[in-house]
Amino acid sequence: MSLERLSRVLSPPVFPEDEDRSRTAKVLNTLLWNLLAVLVLAGAIGVPFVFAARVESIVTLVALLAVVIVTRSLMFRGKVAAASALLVVTIWIVFAVLTGLSGGIFSVNLILLMMWSVVAGLLLGRGWAIG
């Protein structure tokens, strides 16, 4: 694969007529590539060596991979807000379930929900970060 083609695959879409949508697409693209890296590592290392509930972990990883693919597709079709909303809501649900299963309000995973509120604000605006 040539360097130019790799750069095209890794780059976010650019919308010359809408600078804010281009900025959001750049942030979303970065999040998606990082999430993909985490999913690959979790699948390669976590499932065989760390996770006790292997089947549930595989199902969750595959579902999140599908969300990443759909989100990228929406983003490249120009539907950046819809792609952002899909990712934010999906990850928020995953973090909420994870928090609930690991101790609720006393879980250290609660920080993930707070952190994701910041990401929601970056992608979708202040209303999503607060509400």
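## Ring contacts and helix packing in a predicted model

The charged end of Arg-21 lies over the ring of Phe-15, 4.2 Å from the ring centre; this term requires CZ of Arg or NZ of Lys within 6 Å of the centre and within 35 degrees of the ring normal. The model is predicted, with local features needing pLDDT of at least 70 and side-chain atom pairs pLDDT 80 or more, while totals for chains, interfaces and linings use all residues. Numbering runs from 1 along each chain as its sequence is written, and side-chain values use heavy atoms, without hydrogens and water.

Arg-21 also belongs to the contact (heavy atoms within 4.5 Å) between helices α2 and α4, where Arg-21, Thr-24, Ala-25, Leu-28, Leu-32 and Leu-35 of α2 meet Val-80, Ala-83, Ser-84, Leu-87 and Ile-91 of α4. By class, this contact holds eight nonpolar, two polar and one charged residues. Helices are DSSP runs (H or I) of at least four residues, numbered from the N terminus. Axes are lines fitted to C-alpha atoms over the stretch in contact, and angles between N-to-C directions run from 0 to 180 degrees.

| Helix pair | Angle | Axis separation |
|---|---|---|
| α2 (residues 19-50) and α4 | about 40° | 10 Å |
| α2 and α5 | about 145° | 9 Å |

In the α2 contact with α5, Arg-23, Thr-24, Val-27, Leu-28 and Leu-31 meet Val-119, Leu-122 and Leu-123.

Phe-95 and Trp-116 form an edge-to-face aromatic pair, with 6.0 Å between centres and 85° between planes; pairing requires centres within 6.5 Å, and edge-to-face planes over 60 degrees apart. Phe-95 lies in α4 (residues 80-101) and Trp-116 in α5 (residues 110-124), so the pair ties together parts 21 residues apart in sequence. Both Phe-95 and Trp-116 are buried (under 20% relative accessible area, 1.4 Å probe, protein chains only).

Technical notes. Rings of Phe, Tyr and Trp (its six-membered ring) pair if their centres lie within 6.5 Å; planes under 30 degrees apart count as stacked, over 60 as edge-to-face and the rest as tilted. Helices (H or I, at least four residues) and strands (E, at least two) are DSSP runs, numbered from the N terminus. Buried means under 20% relative accessible area, exposed over 50%, partly exposed in between (1.4 Å probe, protein chains only). Ala, Val, Leu, Ile, Met, Phe, Trp, Tyr, Cys and Pro count as nonpolar, Asp, Glu, Lys and Arg as charged, and the others, Gly among them, as polar.
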